[in-house]
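User: I have a structure open and would like to learn how to read some of its features. Could we take them one at a time?

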Amino acid sequence: AGLFQVKNQGKGSHLHTSLYEVGVSLLFPHLANFLESGQIGRPSGSRHTNIWPYDLFQAKKSQIFLSVGTDEQFQNLCRILKLDKKISLDKFSSNQKRLRNEGHLKKLIEAKLASASAKAWTAKLLKAGVPCGPVLNSAEVADHAQAKDLGMILKSGNYKGVRLPIRGFEKRLLKKPPRLSALEENYHPVD
């Protein structure tokens, strides 16, 4: 909004935020669920509280994150994992039913995923329209083709960093950051 104001009105604005405000903004859907129901949810980790299966799952020697948000995606997941004949689709025919039976369903899914790596399952599931991805460590993220294609890893001399996903600032971001002492010399608090 501040950049829009500068462009259209020629004057900027003061942006104030805090780590607390950022943290609260990341509480979706947990805070919204509490405000609606009055019930304090249990810690969920990476799991989505309203959609299932939408969580980390163990595959062979690696983890995969499945974000199955529709009944069609769930049917495709079952078909690829060859669960469609093993489970009662009626028991899992809707998201609400899957949420009620998530513990049982997680065991069934992980038993099938144990036969191959997260990377192998990701290729098959994405091809079938099931949103998912392998859990990567920092080295795998830095070396990932998408990070390279997007130019997200910056290297300049001894400096290595991550490019912010803000368009229009690329030229500024390719420069080495200033020394901390140089920042302190030019720092003047705003009243």
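User: Which residues form the turn of a hairpin here, and how many lie between β1 and β2?

Analyst: This is a predicted model. Strands of a sheet pair through backbone hydrogen bonds, and the pairing is either parallel or antiparallel. Here β1 and β2 make a hairpin with two residues between them. Lys61 is in that turn. The two strands, residues 54-59 for β1 and residues 62-67 for β2, pair in the antiparallel sense over six bridges.

User: Where is a cis peptide bond found?

Analyst: The bond from Trp52 to Pro53 is cis, and its omega is near 0°. Pro53 belongs to the loop that runs between α3 (30-37) and β1.

User: What does Asn95 touch?

Analyst: Leaving aside residues up to four places away in sequence, Asn95 touches Asn50, Ile51, Trp52 and Asp71. The side chain of Asn95 reaches the backbone oxygen of Asn50 at 2.7 Å. Asn95 itself is in helix α5, residues 95-100.

User: Back to the strands. In what order do the three strands of the open sheet lie?

Analyst: The order is β1-β2-β3, with antiparallel pairing. β1 and β3 (132-134) are the edge strands, each pairing on one side only. From one strand to the next, the twist averages 20°. β2 and β3 are joined by three bridges, and Leu66 stands opposite Cys132 in β3.

User: How many bridges join β4 to β5, and in which sense do they run, parallel or antiparallel?

Analyst: Four bridges join β4 (residues 153-156) to β5 (residues 159-162), and the two strands run antiparallel. Ile153 stands opposite Val162 in β5. This hairpin has two residues between the strands, and Gly157 takes a positive phi near 60°.

User: Now pockets. What is the volume of the second largest pocket, and which residues lie nearest its centre?

Analyst: Rolling a probe the size of a water molecule over the atoms shows where empty space is left. The second largest pocket has a volume of about 320 Å³. Its lining has 13 residues, and those nearest the centre are Lys119, Pro134, Leu136, Glu140 and His144.

User: Which helices supply the lining of the second largest pocket, and which gives the most?

Analyst: α7 (118-127), α8 (138-143) and α9 (145-149) each supply at least two residues of that lining. The most comes from α7, with three residues.

User: How do the lining residues divide into nonpolar, polar and charged?

Analyst: The lining of the second largest pocket has six nonpolar residues, five polar and two charged.

Technical notes:
Residues are numbered from 1 along each chain as its sequence is written. This is a predicted model: local features need pLDDT of at least 70, side-chain atom pairs count only at pLDDT 80 or more; totals for chains, interfaces and linings use all residues. Side-chain values use heavy atoms; hydrogens and water are left out. A polar contact is a pair of N or O atoms within 3.5 Å; within protein, one must be able to donate a hydrogen and the other to accept it, and residues adjacent in sequence count only if both atoms are side-chain atoms. Contact means heavy atoms within 4.5 Å. Two strands pair if DSSP finds at least two bridges between them. Axes are lines fitted to C-alpha atoms, for helices over the stretch in contact, and angles run from 0 to 180 degrees between N-to-C directions. On a 1 Å grid over the protein atoms alone, a cavity is a set of points where a 1.4 Å probe fits but cannot get out, and a pocket is an open set with protein on both sides within 12 Å along at least five of seven lines; lining residues have an atom within 4 Å of a point. Grid points are joined across faces, edges and corners, and a volume is the space filled by probe spheres set on the points. Ala, Val, Leu, Ile, Met, Phe, Trp, Tyr, Cys and Pro count as nonpolar, Asp, Glu, Lys and Arg as charged, and the others, Gly among them, as polar.
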